[in-house]
Amino acid sequence: MMMTNKKYISTPLILPLIIAALLFSASACSNPSAVNTDADLTEYKEGQASAKDSAASTEKPAFATKTVATFNEPWAMTALPNTNDEPPTLLVTQKTGELFMVDTATGTKTEVSGVPTVAYGGQGGLGDIILASDFATSNVIYLSYIESGTGAYDNKFGAKVISAKLSGIGSAAPSLQSITPIWQQTPKVKGQGHYSHRLLFSPDGRYLYISSGERQEKTPAQDMSVNLGKIIRLYPDGSVPADNPFANENKEIKAQFWTTGHRNVLGMAFDDSGRLWANEMGPRGGDEFNLIEKGNNYGWPLVSNGRNYSGTDIPDHDTRPDLTAPKVTWTPVISPSSLSIYSAGTHNDFPAWQGNALISGLSSKALIIVSFDDSNSASERYRYDMGKRIRSVLNVDGQVWLLEDGDAAKLLQLLPK
């Protein structure tokens, strides 16, 4: 369901209505307490959109949930390869700096040692985790986390990406070995929000994509001299592919960029056709679902289908056809926190979702299902009220797993009814 933010002309007759509407707007940030805005604005509840407001469908699958384990402030998860049709082993990160291997058959959690020290606070800490494309032979994983600066960058922060060998799989004492730096946000800045730092490999395993948030500073998203507010494309070793859109301009930072003009991309996934999709948090209104294409500028902060936290207007995307508009926008916000594409494997728990995007929602406390077609159009298809902020969703071989957000957060398996 395509939704856009409306424009208003302030007149004495409708001014009270405008004020009332603003009092019910919502922040799209994943951690409202970290937003650099007036405290009263962070309390707006517009993002608490109910699932009953979504279009109903007679085909909407139903499911029950099974609690597998609990965590404190989990952030991301991925699954180890499974060749014997056994319950998957998941790797789960906690923002506070812990990495766990989880036996989903028993719920047993085993902590992995050797994780670098993280700068925990606000939206920062230990972040995303993915497997190298050759993990079956190399045991290499990729991690993102927040690093604090030193010297001139004291009390400033930025995301960092490393690779490491996961040693001791299946033992009581797994650990990270051979840690290698891959990439970092430049420059480090004050504040602890909008890091993004999602990781994704291309389907062929040749390229590493990194989402780099604009750190709640807005202007870096259009600044070609810094790698904030961009989606980055690298080789797995951190080097820059020669066919990146700005690689021939002999500027090291700019050469990393795949796309520009992003605010806070917290989900990326390739579909079966090889298209790259991303969800992005808007300001007050205007959360986005975007088709990511080489060299495109997605407009932040020049355009948005939301408003500034102060309530002031931002021009809509249709005012700048030279900037790439989202395929779906949400006002009220859903606060999208991760993205997975459903694909049947050994299991096919939700055949109605085949090829659809699964989006976890924070302020919406929902699982949102988005469909798209060969013409690159997209729309919200289903919404499930989960009753809790959902931090992450993951399709594994046709089964679906959710991570709640915050303390005592549950790892849930969705069981079809």
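This is a predicted model: local features need pLDDT of at least 70, side-chain atom pairs count only at pLDDT 80 or more; totals for chains, interfaces and linings use all residues.

User: Thanks. What volume does the largest cavity have?

Analyst: About 60 Å³.

User: And which residues line the largest cavity?

Analyst: Its lining is made of Gly261, Arg263, Glu280, Met281, Gly282, Pro283, Glu288, Tyr298, Trp300, Val303 and Ser304.

User: Is Trp300 buried or exposed?

Analyst: Trp300 is buried, with a relative accessibility of 5%; the cut-off for that label is under 20%.

User: What is Trp300 in contact with, leaving aside neighbours within four places in sequence?

Analyst: Glu214, Lys218, Ala221, Gln222, Gly261, His262, Arg263, Pro283 and Ile314. As for Gln222, it is 78 residues away from Trp300 along the chain, yet their C-alpha atoms are separated by 7.4 Å.

User: Nice. You mentioned S16 and S17, so which strands form the sheet there, and in what order?

Analyst: It's an open sheet of four strands, ordered S14-S15-S16-S17, with antiparallel pairing. Strand S14 (265-270) and strand S17 (328-330) are at the edges with a single partner strand each, so one side of each has no neighbour in the sheet. From one strand to the next, the twist averages 15°.

User: How many bridges pair S16 with S17?

Analyst: Three, in the antiparallel sense, with S16 covering residues 287-292. In one of the pairings, Phe289 has Val328 in S17 as its bridge partner.

User: Let's zoom out. How many helices and strands does the protein chain have?

Analyst: There are three helices and 24 strands. The chain has 417 residues, and 56% of them count as buried. Among contacts with a separation of 6 or more, 60% are between residues 24 or more positions apart.

User: OK, what about the largest nonpolar core?

Analyst: That core has 23 residues, and the ones touching the most other members are Leu91, Leu99, Ile141, Leu166 and Leu176. Two or more core residues come from each of strand S2 (74-79), strand S4 (99-103), strand S6 (126-131), strand S7 (140-148) and strand S8 (157-167). As a general point, nonpolar side chains tend to be buried together in soluble globular proteins.

User: What does Ile141 touch, not counting residues up to four places away in sequence?

Analyst: Its contacts include Leu91, Leu99, Leu166 and Leu176, along with Ile129, Ile130, Leu131, Ala132, Phe135, Ile162, Ser163 and Ala164.

User: Back to open space: how much lies in the second largest pocket?

Analyst: About 290 Å³. It is lined by 18 residues, of which Leu80, Thr89, Met101, Val102 and Asp103 are the closest to the centre. S4 and strand S5 (108-112) each supply at least two lining residues, and S4 gives the largest share with three.

User: Which sheet holds S22?

Analyst: An open sheet of four strands in the order S1-S24-S23-S22, again with antiparallel pairing. S22 and strand S1 (63-71) are the edge strands, each pairing on one side only. Neighbouring strands here are turned by 25° against each other on average, direction ignored.

User: How do the strands pair inside that sheet?

Analyst: S22 and strand S23 (residues 399-404) are joined antiparallel over six bridges, with Asn395 facing its bridge partner Val400 in S23. Their hairpin has two residues between the strands, and Asp397 there takes a positive phi near 55°. S23 is then joined by four bridges to strand S24 (residues 409-416), also antiparallel, and Leu402 has Leu412 in S24 as its bridge partner.

User: Last one: what about the hairpin of S20 and S21?

Analyst: Strand S20 (residues 366-372) and strand S21 (residues 378-385) pair antiparallel over seven bridges, and Ala366 stands opposite Asp385. There are five residues between the strands, and Asn376 has a positive phi near 70°.

How values were computed: Residues are numbered from 1 along each chain as its sequence is written. Side-chain values use heavy atoms; hydrogens and water are left out. Two strands pair if DSSP finds at least two bridges between them. Axes are lines fitted to C-alpha atoms, for helices over the stretch in contact, and angles run from 0 to 180 degrees between N-to-C directions. Buried means under 20% relative accessible area, exposed over 50%, partly exposed in between (1.4 Å probe, protein chains only). Contact means heavy atoms within 4.5 Å. A nonpolar core is a set of buried Ala, Val, Leu, Ile, Met, Phe, Trp, Tyr and Cys residues joined through side-chain atoms within 4.5 Å. On a 1 Å grid over the protein atoms alone, a cavity is a set of points where a 1.4 Å probe fits but cannot get out, and a pocket is an open set with protein on both sides within 12 Å along at least five of seven lines; lining residues have an atom within 4 Å of a point. Grid points are joined across faces, edges and corners, and a volume is the space filled by probe spheres set on the points.
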